[in-house]
Amino acid sequence: MQSRLEAALTVFDDPAAKARELLRLHRAWQSTSEIPGFLRPVIARAWQRQGSLPPQHRPLGDQQVLERRERAEDLSAVVPLLQERLLPLAAEAGNELVVSDDEGYVLWVTGPGPVRRKSEELGYVQGARWRERDVGVNALGTAMEERRPVQIFGPEHGDEDQHPWVCTSAPLLDPRTGSLLGVVTLSGSYRTAHPHTLSLVTIAAREATDLLGRKHDGELRRLALEAARSQPAASDRTVVVDDAGWVASADGFGVGERIRLPAGLAPGLTWVAGLGRIQAEPLAGGWVLRAASGSAELELRAAPHPAAVLRAGAEITEIPVSARHFELLALLAAHPQGLETRELLARLESAQTEVTVRAELSRLRKRLGGLIESRPYRLTVPAAVVRP
């Protein structure tokens, strides 16, 4: 999340006067489609995105909401924390607390009965989808688009029916990938607007992210311990990862925090970029990847798209590569004794520097695991180039 927060109004602003000023700008925009120059930039961008709105869709049924909650396991795990941090504020300020998923579907709504009944009149209910393109500019949808905390006051909302409201939202992000998990929102009458609400919602969202980070660290420690217990005396080169490729432990491999697992990884022999030929063994919630021996051959295909095809026994693994990486591989295949950086530079068709050549080879080595050695750069398996 961005560190700079931009509240909709200051403690010195009169909410009623602010609403009148914004209503004038909103109606001018509605009649001319021109964005007024006095808007906050986040609102100007949101109004610019809003086109003609489709009829609001029917909310999901209770069973569909339950299924979405079950699928959104990480989001469900932080809802109790969000409720603990924000419900007392919501009750005092006459606000409701709303948590939506990564597609903008409202999955949890809690708060005082009077404000909930008013929001139900707008269709802001459990199971409804509140992206900008569904219901116009609103804090939940704008936080999704901007991927940052936002507060939208009164006539900053795109739909005039939402003008009596102030809504404050913050995105909930996966600490591992940065992907959107959902959005947390406090909504109530615009007369309850306060800049501190934006800070409180933002802090609660960050706490939720921290909680998920600690939860994931615990899962990785569990995987590492389980792998050690199952093979306590193993001396093989191994990497233990979760199902998303996050590394729990590594022995004999130089890897980062995460590796890219092949799609549809199954137990048995396979090729993993950055590791080479491995034996994959399933673990509850992850994998043990062991270095596997055996001969292999590399076929470099230029068409229909550049690819390195690795043959290891009955296994065939096709690894797409860029045109530049194919050119480098073809040069190494033609010079099995190896080439230094300057020798590669002299043979490449387009002019580069030694620094860029080394950078390209570094990326290529990460992609092809143990197929390329350095000093000099050379292929570790026999290779042939197939051109159309």
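Predicted model: local features only at pLDDT ≥ 70, side-chain atom pairs only at ≥ 80, totals over all residues.
Is Phe 153 buried or exposed? I looked it up: Phe 153 has 0% relative accessibility, so it counts as buried (under 20% relative accessible area; exposed is over 50%, partly exposed in between, with a 1.4 Å probe and protein chains only).

Residues are numbered from 1 along each chain as its sequence is written, and side-chain values use heavy atoms, leaving out hydrogens and water.

Next, the core. I found 37 residues in the largest nonpolar core, with Leu 39, Leu 140 and Phe 153 touching the most other members (a core is a set of buried Ala, Val, Leu, Ile, Met, Phe, Trp, Tyr and Cys residues joined through side-chain atoms within 4.5 Å).

Then the rings. I counted 3 aromatic pairs (Phe, Tyr or six-membered Trp rings with centres within 6.5 Å; planes under 30 degrees apart are stacked, over 60 edge-to-face, the rest tilted). Trp 29 and Trp 47 are stacked, at 4.3 Å centre to centre and 10° between the planes. I checked burial too: Trp 29 is buried at 7% relative accessible area, and Trp 47 is buried at 1%.

Back to Phe 153: its ring centre is 5.4 Å from that of Tyr 190 and the planes are at 90°, so this pair is edge-to-face. Tyr 190 is buried as well, at 14%.

Last entry: Arg 237 lies over the face of Phe 253, 4.3 Å from the ring centre (the rule wants NZ of Lys or CZ of Arg within 6 Å of the ring centre and within 35 degrees of the ring normal).
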